[in-house]
Each structure stands twice: as structure tokens, then as C-alpha cells.
Amino acid sequence: MIGLALTNEQLATLLKMVYVANTVANGPFGDRISRKDFDDMEQYVFSRAKDVFPMAVYQHKVEEGDEHHHPSLIFESDPDVNALFDQYEEYVARMVMAEKLAERDIEHEFGAHAKDQMSAAQFEELVADRSTLYEELLETHGLKILEIAPQFKK
């Protein structure tokens, strides 16, 4: 067993980190838990924090004698947490979009089965090179660089 000595400020930061990590790991799955290890760790850390930050911990009985401790709604309206999620979402969206656009370009240039016609390393290198351009364009100009072809407009 490892013990940690944390100041109240460090514990508050740790609670935010654990909340953000578990939300990123399990958030896309709605009520289903994909990463039980993350959810269990969040429960454990918040159970240890209930005496120091009681308003940050929502505690309820699961079964007789068994309690569950998880973040209270305070975290959903915390400006720092929300800023972290906004920054993360913007970054990830830009990176994923740049990669998908690069893959599309490679498919246009080398054919529909380009990925199967070259080594994984070659394909990854081409995607990395081309996605850098899209990342820069999206960073500079935002979604203005994207256009929907007329046949897809209603």
C-alpha cells in the first residue's frame, strides 16, 4: 500500500484529474462503463476525499453496508474542468479531422485500397505528413476550410 500526503490544493487538483480522466475514458459510452479500472479508481479516490471536500463527493448506498462515492455535480459546472474539456475536444476534433482528411487524400491519390498496397509504416508516414497541413489550416482558419459538395446539400 502506498500512502500519499497531499495538501488540500493538491487533493483538489487530484480530484479534478481523476474526474477528467474517468469522464474521457468512459464518457463516450453513456451509462455503460468501458474502463471499469478508471471508474473504480475514481470511486476509491473520491471515497478518500469525502471528509476533506464533502461537497465534491456524492455518496450513496449500493447494497447493505456498501457505499459508492463519485464526483458530485459541482464538477460538471466547474469552470476549470469545463475549460479543460473544451480545450481537449477542440484539439482532438482538429487532430481527428486532419487525419481523416489526409487519409481521404491518400485514397484519392493511390486508390481505394491504398492502405493495403503499402506497408503500415509508409501509410502512417503519408498520413502524418499530410495531416500536418490540415492541422495547420484548421488551427489558422477553423472550419472555413471545409466545404460541403453541392450534391450533399439539401
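Begin by selecting E103 and K100, whose side chains meet in a salt bridge with an N to O distance of 3.8 Å. This is a predicted model, and the distances and accessibilities given along the way are computed from it. E103 and K100 both belong to helix α3 and, because they are three residues apart there, about one helical turn separates them. An α-helix has 3.6 residues a turn, so residues three or four places apart point the same way. E103 has a relative accessible area of 23%, and therefore counts as partly exposed.

The K16–D80 pair links distant parts of the chain, since K16 sits in helix α1 and D80 in helix α3, 64 residues apart. K16 is partly exposed, with a relative accessible area of 22%, and D80, at 40% relative accessibility, is likewise classed as partly exposed.

A further salt bridge can be found by selecting D37 and R35, whose side chains meet at 2.6 Å, N to O. D37 is partly exposed at a relative accessible area of 43%, and R35 is partly exposed at 36%. The count of salt bridges in the model comes to nine.

Now display helix α1 on its own, which runs over residues 8–26. The helix α1 has 19 residues and reaches 27 Å from its first C-alpha to its last, close to the 27 Å expected at 1.5 Å a residue.

Y19 counts as buried because its relative accessibility is 10%, and F85 counts as buried at 13%.

From there, move to F46 and F75, an aromatic pair that is edge-to-face, with 5.4 Å from centre to centre and 75 degrees between the planes. F46 lies in helix α2 and F75 in the loop between β2 (66–71) and α3, so the pair ties together parts that are 29 residues apart in sequence. F46 is buried at 0% relative accessibility, and F75 is buried at 6%. The count of aromatic pairs comes to three, and if you show Y19, F46, F75 and F85 together, you will see the cluster into which ring pairs link them.

For the last stop, turn to the surface and select M1, M41 and Y44, which form a nonpolar patch with about 410 Å² of accessible area together. Y44 is found in helix α2, which covers residues 36–49. Is Y44 buried, partly exposed or exposed? Y44 counts as partly exposed, because its relative accessibility is 36%.

Methods
Residues are numbered from 1 along each chain as its sequence is written. This is a predicted model: local features need pLDDT of at least 70, side-chain atom pairs count only at pLDDT 80 or more; totals for chains, interfaces and linings use all residues. Side-chain values use heavy atoms; hydrogens and water are left out. Patches are made of residues with over 30% relative accessible area and no salt bridge: like charges are joined within 9 Å, nonpolar side chains (Val, Leu, Ile, Met, Phe, Trp, Tyr) within 5 Å. Accessible areas come from the Shrake-Rupley method with a 1.4 Å probe; for residues, only the protein chains shown count as cover. A salt bridge is a side-chain nitrogen of Lys or Arg within 4 Å of a carboxyl oxygen of Asp or Glu. Helices (H or I, at least four residues) and strands (E, at least two) are DSSP runs, numbered from the N terminus. Buried means under 20% relative accessible area, exposed over 50%, partly exposed in between (1.4 Å probe, protein chains only). Rings of Phe, Tyr and Trp (its six-membered ring) pair if their centres lie within 6.5 Å; planes under 30 degrees apart count as stacked, over 60 as edge-to-face and the rest as tilted. The expected span of a helix is 1.5 Å times one less than its number of residues.
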